[in-house]
Number of protein chains: 2
Amino acid sequence: MTATLKEFLEACETLGTLRLIVTSSAAVLEAKATIEKLFYAELPKGNYANMHKDALEFHLNMNAIKQVKFEMGESKRGNFTTYAIRFLDDKGEPALSAFLQWGKPGEYVPGQVEAWQTLREQYGEVWEPAPAA
Amino acid sequence: MTATLKEFLEACETLGTLRLIVTSSAAVLEAKATIEKLFYAELPKGNYANMHKDALEFHLNMNAIKQVKFEMGESKRGNFTTYAIRFLDDKGEPALSAFLQWGKPGEYVPGQVEAWQTLREQYGEVWEPAPAA
């Protein structure tokens with residue numbers, strides 16, 4: 001499937017509450033949020049997708065994301081399955097990760113895992129966003 | 001003043017609500033939070049300060065922070081003064097930024113700016129954390 005990152009990010013609203021994770025050289029910030037009401041801005045560095053909520057802001061340079069990867073894993077605590085989407089930069093490092101957010105460990109909202117699986121089927125386990133039009 | 005980063009982070013509770021900002025190669029996540037109830041973990045990568053809240057998690061590899069810088073600036077929108085603390089890595093890049101969080105643009109909680117100024121006087125505008133004991 002050929003798709004832009006913009007289209008994919010908007011489809012991510014179907015995933016419900018996500019745990020967004022951004023990591024720098026020393027710090028990790030993780031925030032619970034639904035991806036919704038994105039707005040866009042062309043900046044010198046690239047085309048940004050942006051989201052403003054009461055308690056958080058999120059910005060993504062879409063031009064800097066070269067690959068998107070669906071990844072199942074095992075939780076560090078609780079022995080349950082995690083469902084992540086990794087947004088990889090030109091070095092193959094995750095510039096952004098989005099995990100399906102559980103309530104109690106391992107308890108997902110009904111339909112949430114299915115929505116993740118549907119996106120994985122549509123886009124493929126690893127895919128490269130098409131350049132924006 | 002000789003201080004460890006742990007001591008400084010705990011003193012940051014006096015700053016009230018902060019806007020914590022972590023930036024990767026492509027993404028920026030900003031979350032409003034007070035730095036409080038930190039707990040610590042020794043991991044192979046370094047000594048981590050950690051914070052868990054309802055809607056966010058925060059982790060900082062304290063060994064990777066080489067310098068701390070107090071920085072006044074001007075807001076992008078609204079023409080008011082911003083008060084930040086930059087936690088710089090070994091390349092001098094901000095691995096974490098913490099801005100005093102305003103309510104309405106430029107409106108800080110009484111005492112908040114003074115608390116930032118007090119810390120700046122105590123620690124100095126730019127200072128290097130002492131290695132943890």
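**Group meeting: rings, charges and the A/B interface**

Okay, let's start with the rings: across all chains, this structure holds 18 aromatic pairs. Keep in mind that we're looking at a predicted model.

Take Phe8(A) and Phe70(A) as the opening example. Their ring centres are 5.9 Å apart with 85° between the planes, and that pair is edge-to-face. Phe8(A) sits in helix α1, residues 5-11, while Phe70(A) is in strand β6, residues 67-74, so this pair ties together parts of chain A that are 62 residues apart in sequence. Both Phe8(A) and Phe70(A) are buried.

Now, Phe8(A) has another partner, Trp127(A). Here the centres are 5.1 Å apart and the planes are at 70°, so we call this one edge-to-face as well. Trp127(A) belongs to strand β9, residues 126-127, so its pairing with helix α1 ties together parts 119 residues apart in sequence. How buried are these two? Phe8(A) comes out at 0% relative accessibility, and Trp127(A) at 4%, which counts as buried too.

If you zoom out a bit, those rings belong to one aromatic cluster: Phe8(A), Phe70(A), Tyr83(A), Phe87(A), Tyr108(A), Trp116(A), Tyr123(A) and Trp127(A).

Okay, on to charges. Lys6(A) puts its charged end over the ring of Tyr40(A), 4.7 Å from the centre. Over in chain B, Lys6(B) lies over the face of Tyr40(B), with 4.7 Å to the ring centre. Lys6(A) also makes a salt bridge to Glu10(A), where the closest N and O atoms are 4.0 Å apart. Those two are 4 residues apart in helix α1, so about one helical turn separates them. And they're partly exposed: Lys6(A) has a relative accessible area of 36%, and Glu10(A) has 41%.

For the whole structure, the search turns up 11 salt bridges over all chains. Another one is Arg86(A) with Glu71(A), at 3.1 Å from N to O. Arg86(A) is in strand β7 and Glu71(A) in strand β6, so that bridge ties together parts 15 residues apart in sequence. Glu71(A) is partly exposed, at 27% relative accessibility.

A quick stop at the loop between β6 and β7 of chain A, where we find Ser75(A). Ser75(A) counts as buried at 9% relative accessibility. A polar atom of its side chain lies 3.1 Å from the backbone nitrogen of Asn79(A). Setting aside neighbours within four places in sequence, Ser75(A) is in contact with Phe80(A) and Thr82(A).

Last topic, the interface. How much area do chain A and chain B bury between them? About 2,300 Å², with 57% of that on carbon and sulfur atoms. On the chain A side, Ala26(A), Leu29(A) and Glu57(A) lose the most area to chain B, together 27% of what that side buries. In terms of contacts, 29 residues of chain A meet 28 residues of chain B.

On the polar side, the count is 16 residue pairs in polar contact between the two chains. Strands β1, β2, β4, β5 and β8 of chain A each supply at least two residues to the side touching chain B.

The rule also finds 2 salt bridges across this interface. One to look at is Arg19(A) with Glu57(B), closest N and O atoms 3.2 Å apart. Arg19(A) is buried, with a relative accessible area of 10%, and Glu57(B) counts as buried at 13%. And there's a network here: salt bridges link Arg19(A), Glu30(A) and Glu57(B).

That's me done, thanks.

Definitions and conventions. Residues are numbered from 1 along each chain as its sequence is written. Chains are lettered from A and ligands numbered from 1 in the order in which they are written. This is a predicted model: local features need pLDDT of at least 70, side-chain atom pairs count only at pLDDT 80 or more; totals for chains, interfaces and linings use all residues. Side-chain values use heavy atoms; hydrogens and water are left out. Rings of Phe, Tyr and Trp (its six-membered ring) pair if their centres lie within 6.5 Å; planes under 30 degrees apart count as stacked, over 60 as edge-to-face and the rest as tilted. Buried means under 20% relative accessible area, exposed over 50%, partly exposed in between (1.4 Å probe, protein chains only). A charge sits over a ring if NZ of Lys or CZ of Arg is within 6 Å of the ring centre and within 35 degrees of the ring normal. A polar contact is a pair of N or O atoms within 3.5 Å; within protein, one must be able to donate a hydrogen and the other to accept it, and residues adjacent in sequence count only if both atoms are side-chain atoms. Contact means heavy atoms within 4.5 Å. Buried area is the accessible area (1.4 Å probe) that two parts lose on being put together, summed over both. A salt bridge is a side-chain nitrogen of Lys or Arg within 4 Å of a carboxyl oxygen of Asp or Glu.
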